[in-house]
Amino acid sequence: MNKYFKTLVLILLTLLITTHIFARPAYIDPNRFTGKVFDQRQLDINQIVTWITNFAIFGQDVYAGNNSGLYWPAGFPQETYVFGAGVWVGGIIENDDGTADTTMSCGYYPNSASTEFCPGDIIDASPDRPTPFNNPWDIVYISTSDNYGQAWPLKSSSGADSVVSMQDSYTEFNDMDINYRLVKTSIPLEIEVKQTTYAWVGPLKEDIIFLKYEIQNKRQDGKDIKKCYVGIGADNDIGNESGTAANDLLGFIDTMTVDYNGVNDTLMQINVGYQFQLDEEAGWAHFPGIVAYKYLESPKANEPVDLYHDSSFIIPAGERIGMTTFNYFTIDTDPSTEIARYLVLAGYDHTRFNPNDPEASYRPFPTWGQGVSGYPGKTEDPAAKGDKRFAMASGPFTLKYDSTATVIIGIIISKNSDEMLSKMLIAQQIYDNGWLGPVAPGQVNFDVIGLDKKVAIYWDNAQELIPDKYYTLVSDPSKPIYNPAYREYDVEGYNLYRSRTGAGGSWELIGKFDKINEYTTVLKDSLIYYNPALAIYEKKYYYDTVGTNTGIPYYFVDSNLTNGIQYYYTVRAYDLNFNGYAVTPSNDTIGAMPLVLEGAGKTKAVVPRSITSNYVAGTYSLNLISGNIDTSLIKMEIINALDTLIEKVKNDTFTLSFGLVDSSVFNTQLPAYTYVITNKNNDTIIQDKMDLDTLWIDDEKFIALTQEKWNPYSGFVFKINEFKLDTIGWMNSSNSILKISVDSGGVYPDSILSLSISASGRQFYHNSKEYIITWHEVIISNDTNLTVTIYDVDNKIYIPYDSTTVGDNWHFGISLTASPSQNPQYLNSASSNSAKAGLYFSNIIINFSNKPRPGSPMIWSERPKDGETWRVKITPNDSTFVQTFTPINSSYKFTVSPATFENVTKSILDSVKVVPNPYVVRSELDLDYNYRRILFTNLPEKCTIRIYTLSGELIETIEYNVQQTITKDNTTYKPFDLTKGYAEWDFLTRNDQIPAPGIYIYHIQTPNGETKIGRFAIIK
């Protein structure tokens, strides 16, 4: 039993017995407190029509006297499905005196139709508000309404209204008004809730609404809310549920999995609760449908959650918790105290809870079987029909001070059980497909290396090269979720965390690495507030910092650590994308709200350690063979990590060669430079490409690498950095002078040739200042044809033919709308007379006749002759411009020399130490109480360690060798952990006894006969 329960339940259990049961409520006066705007609005865009309020209650018509307020389908207001519902939040507050308070804030209590929330955020609810106490912004905002003249509160980064769905609503409420407490002596959690709803129209979607709760811990004492649960408490009356008409049944899904993002996700097994009935409803035009509540997003677990308290289902730390409770009760057993309501959220049967045996009443889910055939999951037996209420919750987790937990629930109504699953999958798809923005990046591949008092971490850029899986959907203008602001490649940077335990809540951010681009801060929200000095309402903007353009090194060294202590690391990618998009009647685009999501991370443990004492690091040499990229832009590093190596790095000579251009994955209008690394046997080791993107650096636009390139192979890493192409003073008709001349042959008059830049072209692919065009005469089908070869002088490469209109390479024909068949490789007397004649290459257009109409016909009788050459030169207007060359056709040779071990000498052995010395009872190097350790550090790569008592008795022998034997894929390898320079003694003798206190002798001997003798002490 949790210690908080033990302390609190014993004190407050009597409340469960003494508090009377309330009857069905009378009308709540929403204006009973002066100075608060109590508002109720109706969502009506699709088939589910419902009332919502700014005091947490939804699905109830409060103003009409607490009547059922959610009906389906639209146009049939008598066919109601919800009498009332609202958010429930419970948690535990630790007091300074060692006690704790269990408290609860209830958005809808079914027995009295009451709420413990009041409108507005906590600041607006404070007593220092100016008079009169009238908060016009504390209303329910609906995106399809004029909102009483108030401006829509959510804004995009451009300041436009941010609207996600076809009908959004937004409101805020808090639990700070003690007059609202159901039990007047109870304390509030001091939370602030932002509630947003979304709704769409269209097949299946029109039967779903989404509720999003952002619950923020705003406690004045700055304390965390421990063992927190968040969920919905609902009284889902399907039609008339009074007296003999009470015939509702409950069900939940925990026996079928759902294909979530292509993964058979077990957490989806426990995320749906629903209510239905098997009888017709008097006066209804339709047979009663099924109302279901589906968790789409829940808080993440701070630490592993043992769902059933028997270790059969563990939700790992860092994962979304999902629905962990589906608890039900009736009007006679409503949980009438905050303790009882908290027990309901925590998965206990509050009606029979015994604090001396709490697990006896632990029931996170009902123990029903397949009560009604054809309904998914588990349901009640039909004999159990009646007036039902339920609470579904997610937890436990710690809601830290000033942090926010997000819960998203889809309310789904289906005609019958056959269409339930389809609609649930549609709800999941809508959530996944972008209405909340992009899915977080996947796990980052990384390795860690323990070094002397530090750890080196390096990772790859694979997540950056994976397009957002929903980009194709949201980039289609024909789709209802079309969003031109959506980024296809949206990884923005990486967060690096360290922990001493690896447990949830123990992670410390030690590094944030952000792409160099225009995104450093993004506008997340704007709120209206009252400025008493000016006596006016003003807007306050809230920003998120996504980085500071640090660049991404893909390598980090964490220093000042303690040798021998185990540390945990994780590298997590985060993205930046824009969700929500709409077009106003005046064709203005609105609704691009930024969203930053951090992906999950792998966890790796590593121990900083002394380096092998006779270790000599590997080296490399690099030489340019051909091309224009200076070797100073290429860097290499030798990494000797056990996780990376299968065998030692060998002496080898490699060739790095850059090939032709390709399209960048980040922007198809920009280039990517392909490259390959081969060894001396010409075997391909690495084949990849460098993708360029548009970057803004100090308010100046560049085309550059978005990241350094890291490619680990057998212990070496290659990278190129600081590579960028100028886009301001180069290859631009207004910034450059273009000239063409006929160099040899002299047949075609250069006076009628003209050059221009294609505005739609990909102009930085070759980035050269000189090209030579050579004409060739070819006979095809007894007809004379002309073709060309184009030599890139700067990159020393021939540009290939490509029929792609305004593409990367060359073709005849310059129409921007031509088909590939209209962009030929050969010209003859007929095609040369076409208006489409002309020559395109690398974004340059050559017109054969200097006439007003581009592409005017070539005069065939004056055509270039076989072997005739033309020369094209581009010169920037700025005489100080320094050209950056592309790496096309550049080649390099580099040689890698492996790490080695020098001969062991006496001076090397003299550096060996015993840590700790003396060993006193317990050491911080001990992994736990049963795993004690003494370390021998600064060892050579191979030696034997013998430990003796003072009397000369040998008590332990340790054979140490950096070469280890591992088996992988049924193959045995002997990798070298080259930098590990320590061995550990587990504090047990060879007879498995703990040594007595005293002085001990150690003797170290190497294969070449060098020895060292030393002493260490054990003190208890």
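A: Happy to! One term before we start: strands are DSSP runs of E, at least two residues, numbered from the N terminus. Two strands pair if DSSP finds at least two bridges between them. Also keep in mind that this is a predicted model.

Q: Got it. Can you show me a bridge, say, which residue is the bridge partner of Leu935 in S65?

A: The bridge partner of Leu935 in S65 is Glu984. Strand S60, residues 934-937, is joined to S65 by three bridges, and the two strands run antiparallel.

Q: What strand order does the open sheet with S60 and S65 have?

A: The order is S58-S60-S65, an open sheet of three strands with antiparallel pairing.

Q: What holds paired strands together in general?

A: Strands of a sheet pair through backbone hydrogen bonds, in a parallel or an antiparallel way.

Q: Let's zoom out. How many helices and strands does the protein have?

A: The secondary structure comes to five helices and 67 strands. The protein has 1020 residues, and buried residues make up 54% of them. Its accessible surface comes to about 42,000 Å², with 49% of that belonging to carbon and sulfur atoms.

Q: What pLDDT does the protein average?

A: The average pLDDT is 79, and 76% of the residues score at least 70. Residues 1-34 stay under 50, and for them the model has 71 contacts beyond four places in sequence. The pLDDT is also below 50 over residues 259-263, a stretch with 12 contacts in the model beyond near neighbours in sequence.

Q: New topic: why is strand S27 largely enclosed by the rest of the structure?

A: Strand S27 covers residues 454-459, and five of its six residues are buried, so the strand is largely enclosed by the rest of the structure.

Q: Which strands does S27 pair with?

A: Strand S26 (residues 446-451) pairs with S27 in the antiparallel sense over six bridges. Leu451 stands opposite Lys454 in S27. S27 is also joined to strand S32 (residues 555-558) by four bridges, again running antiparallel. There, Tyr458 has Tyr555 in S32 as its bridge partner.

Q: How many residues sit between S26 and S27 in their hairpin?

A: Two, and Lys453 in that turn has a positive phi of about 60 degrees. The hairpin of S61 and S62 has four residues between the strands, and there Gly952 takes a positive phi near 95 degrees.

Q: How many bridges join S61 to S62?

A: Seven bridges join strand S61 (residues 942-949) to strand S62 (residues 954-961), and the strands run antiparallel. Cys943, for instance, has Tyr960 in S62 as its bridge partner.

Q: Last one: where is Trp507?

A: Trp507 is in the loop between strand S28 (491-499) and strand S29 (508-514). Its relative accessible area is 23%, so Trp507 is partly exposed.

Q: What does Trp507 touch?

A: Not counting residues up to four places away in sequence, Trp507 touches several residues, including Tyr497, Arg498, Tyr568, Tyr569 and Thr603. Leu496 is 11 residues from Trp507 in sequence and 9.6 Å from it in space, C-alpha to C-alpha.

Key. Residues are numbered from 1 along each chain as its sequence is written. This is a predicted model: local features need pLDDT of at least 70, side-chain atom pairs count only at pLDDT 80 or more; totals for chains, interfaces and linings use all residues. Side-chain values use heavy atoms; hydrogens and water are left out. pLDDT is the predictor's confidence in each residue, from 0 to 100. Contact means heavy atoms within 4.5 Å. Buried means under 20% relative accessible area, exposed over 50%, partly exposed in between (1.4 Å probe, protein chains only). Accessible areas come from the Shrake-Rupley method with a 1.4 Å probe; for residues, only the protein chains shown count as cover.
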